[in-house]
Amino acid sequence: MARPFEVTRQPGFSAIAIACFVLLYLPIVLLVIYSFNAGESISQWEGFSLRWYASAWENEQIQAATIRSVVIATGASLIATSAAVLAALATTRTAPWRGRTIVFALVNQPLMVPEIVTAVALLIFFSMIKVATGYTGLWYLILAHAAFCIPFAYMPVRARLQGMDLSLEQAGADLYGTPVKVFRHITLPQLWPGILAGAMLAFVISLDDVVITEFVKSAGQDTLPTYMLGQIRRTITPEINAISTALLAVSILLVTAFFFISRTRK
Amino acid sequence: MIDIREVTKVFGAGSDAFRALDRVSVTIRQNEFFTLLGPSGCGKTTLLRMIAGFEGPTEGTILLDGDDLAGKPPYERPVNTVFQSYALFPHMSVAENVGFGLRMLGRPKDEIAATVREMLALVRMSELAERQTAQISGGQQQRVALARALAPRPKVLLLDEPLSALDFKLRKEMQLELKRLQNETGITFVFVTHDQEEALTMSDRIAVMNAGRIRQIGVPREIYDHPADRFVADFIGDTNFLSAELTARTGDTATLRLPSGRTVEARAQGDGTPGKVTLAVRPEHAELAPPEEGALTGTLTEVVYSGTDTHYHVALDQEAGLFVLRRQNRPDAGPAHQRGDRVGIRLGAVAGQVLRD
Ligand SMILES: Nc1ncnc2c1ncn2[C@@H]1O[C@H](COP(=O)(O)OP(=O)(O)OP(=O)(O)O)[C@@H](O)[C@H]1O
Ligand SMILES: [Mg+2]
């Protein structure tokens, strides 16, 4: 009897798998290692030190960029998550209506339209507003980030809503709960892991963005990633490695938390 | 009192349109244990959902104590539901579940606490008040669902197959408990089941449904003894159908001639014109007899022992098909019969129910 096809038993499988993992993780491991380099080089090891972390910590430009990044990511993920919750409710908790599929596609537009196109479009759109109003503050960046973060917040919220037993909300209505009360007392308490997960994912995505930020930002509005990009064009020191490692740590923390939260009470 | 008048429900539209309920009319009285009984897909849940307000009728009206319910959302109807899946709120304790309806109605805290205590005592769940709903058994969840639906003192309680998930013993227990609760609270119960035995033991009245229509409404005895048509006779209990010819009728008693040439008497309502009819005979209403004494004759093809009863399957001489009889097993039971024996079937003084096709 022929054994069923099993990809793990094919010759060369382990070799290819190992090669893939090396390609994926070796550069990151090297980046992390060299963030602790005592010397000025990013490729020559001269001993262990935390000097670049200290220098990044004291660098005023990095401080400003970090604060800006966090402010933008916080604002954007709050806006994106609120919009995503409403969109998810409209696409799961209503009787099928014409255009529901279209709305679903529109909400997910940022996943399909090339980022560079969105970036150029926002650049042109915002410059028109800038000319008209004269406002040049951070809100352009916050709104731009909110826009492309919506689908990332939408997905976990929608998945959670779809997984919820509809009869619970019906039971709520049956027991004299008006739609608003049912949402507050029945839907929301069960939805929060999805909402939190969506907000965290949106936060990480916003924190990481380069392309759209680079196009939309005004002078002096560098975020952490665009600051790093600017540095790399000049001299590269392990300071970049140190910032990257810190960003990596934050992302891993948030994504791990996302993973556990989205699994709770399922 | 619930007055359901000519209610029709059509799902979908155009060529997909499906008539789940077809001109259903029924009046459910105050304080009645009323059961909707019928096979899967006959529209029982749909009718309940329309009384609760989750679905609107395509045509017809539903009145509760004279008020038209049309356009009233579920949260404005003094009607509560025990869902088939129980639908307990997983993020609340047992007590919070039971108090939810009163909380939504904005009742004062101490009143809610008192009612919750009373309801939990009623369903014998007082010790588990602070448990999370995931930490109690299926039977306990069911009782919590019941207490939750009873707590706001609705005028009508709707129960959608609430016992179907329970094992046999617990189910028997809960049947009695439901009956007791209904007596103690005086609330009108509308109960859905597809278990005919459950319907017969619990109900004040039963509506037998099939394919979106009500086929018969009556007290259990009426439904069992006087089924209105072949569907009802077949669905409720076991029935033997015999072809016969109606020759005369006086009052409720008809004289029939069987294909064997014998004449028997049976109950008949409605149309009494002579002609071909069907005679429905319950298995426990006939007895085995020597071949020469039977109204029918045949050969025993199967003897099935089932504890309290023995079932005899007889292949009839006069027409195709099996006739099934049931005899209680008693120490003094008559002679044992065996497969292959020639037997007669003796019908009662009133042989059965006459059905028109
Ligand atoms: N929302 C709906 N859309 C389309 N058809 C439906 C809908 N709800 C119910 N139906 C159909 O209506 C018919 C009656 O359904 P209903 O749920 O009332 O049956 P039921 O008598 O409760 O059956 P069961 O004993 O299996 O619960 C079924 O054929 C079902 O497929
Ligand atoms: Mg049903």
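# Exercises on cavities, pockets, helices and loops

The largest cavity has a volume of about 70 Å³. The model is predicted: local features need pLDDT of at least 70, side-chain atom pairs count only at pLDDT 80 or more, and totals for chains, interfaces and linings use all residues. Residues are numbered from 1 along each chain as its sequence is written, chains are lettered from A and ligands numbered from 1 in the order in which they are written, and side-chain values use heavy atoms, with hydrogens and water left out.

## Exercise 1

**Task.** Describe the largest cavity and relate its lining to the domains of chain B.

**Solution.** 

Step 1. A cavity is a set of points, on a 1 Å grid over the protein atoms alone, where a 1.4 Å probe fits but cannot get out; lining residues have an atom within 4 Å of a point. Grid points are joined across faces, edges and corners, and a volume is the space filled by probe spheres set on the points. The count comes to one cavity of 30 Å³ or more.

Step 2. The lining consists of Y224(B), D225(B), P227(B), T239(B), R267(B), A280(B), V281(B), R282(B), H285(B), G352(B) and Q353(B). Two or more of these residues come from each of α7 (220–225) and β14 (275–281) of chain B. Such elements are DSSP runs, numbered from the N terminus: helices are H or I of at least four residues, and strands are E of at least two.

Step 3. Sorted by class, the lining holds four nonpolar, four polar and three charged residues. Here Ala, Val, Leu, Ile, Met, Phe, Trp, Tyr, Cys and Pro count as nonpolar, Asp, Glu, Lys and Arg as charged, and the others, Gly among them, as polar.

Step 4. Chain B is divided into domain 1 (2–230) and domain 2 (238–355), with bounds from an automatic or database domain assignment. Each of these domains gives at least three residues to the lining of the largest cavity.

## Exercise 2

**Task.** Which residues are closest to the centre of the largest pocket, and which elements supply its lining?

**Solution.** 

Step 1. A pocket is an open set of points with protein on both sides within 12 Å along at least five of seven lines. The largest pocket has a volume of about 610 Å³.

Step 2. Of its 18 lining residues, R93(A), T94(A), L166(A), E169(A) and Q170(A) are the closest to the centre.

Step 3. At least two lining residues come from each of α3 (60–92), α8 (166–174) and α9 (179–208) of chain A. The lining comprises eleven nonpolar, five polar and two charged residues.

## Exercise 3

**Task.** Is R158(A) buried or exposed, and what surrounds this residue?

**Solution.** 

Step 1. R158(A) belongs to helix α7 (residues 139–163) of chain A.

Step 2. With a relative accessible area of 17%, R158(A) is buried. Buried means under 20% relative accessible area, exposed over 50%, and partly exposed in between (1.4 Å probe, protein chains only).

Step 3. Apart from neighbours within four places in sequence, R158(A) is in contact with A88(A), T91(A), T92(A) and F104(A). R158(A) and L86(A), 72 residues apart in sequence, are 9.9 Å apart in space, C-alpha to C-alpha.

## Exercise 4

**Task.** Locate L102(B) and list its contacts.

**Solution.** 

Step 1. L102(B) lies in helix α2 (residues 94–104) of chain B and is buried at a relative accessible area of 2%.

Step 2. Residues up to four places away in sequence aside, L102(B) touches R107(B), I112(B), T115(B), A151(B) and P152(B).

Step 3. E198(B) is 96 residues from L102(B) along the chain, and their C-alpha atoms are separated by 31 Å.

## Exercise 5

**Task.** Where do R153(B) and A211(B) lie, and how accessible are R153(B) and A211(B)?

**Solution.** 

Step 1. R153(B), although not a glycine, has a positive phi of about 50°. Its place is the loop between α4 (138–150) and β7 (156–160) of chain B, and R153(B) is partly exposed at 45% relative accessible area.

Step 2. A211(B), also not a glycine, has a positive phi of about 45°. The loop between β9 (205–210) and β10 (213–218) of chain B holds A211(B), which is exposed at 57% relative accessibility.

Conventions: Contact = heavy atoms within 4.5 Å.
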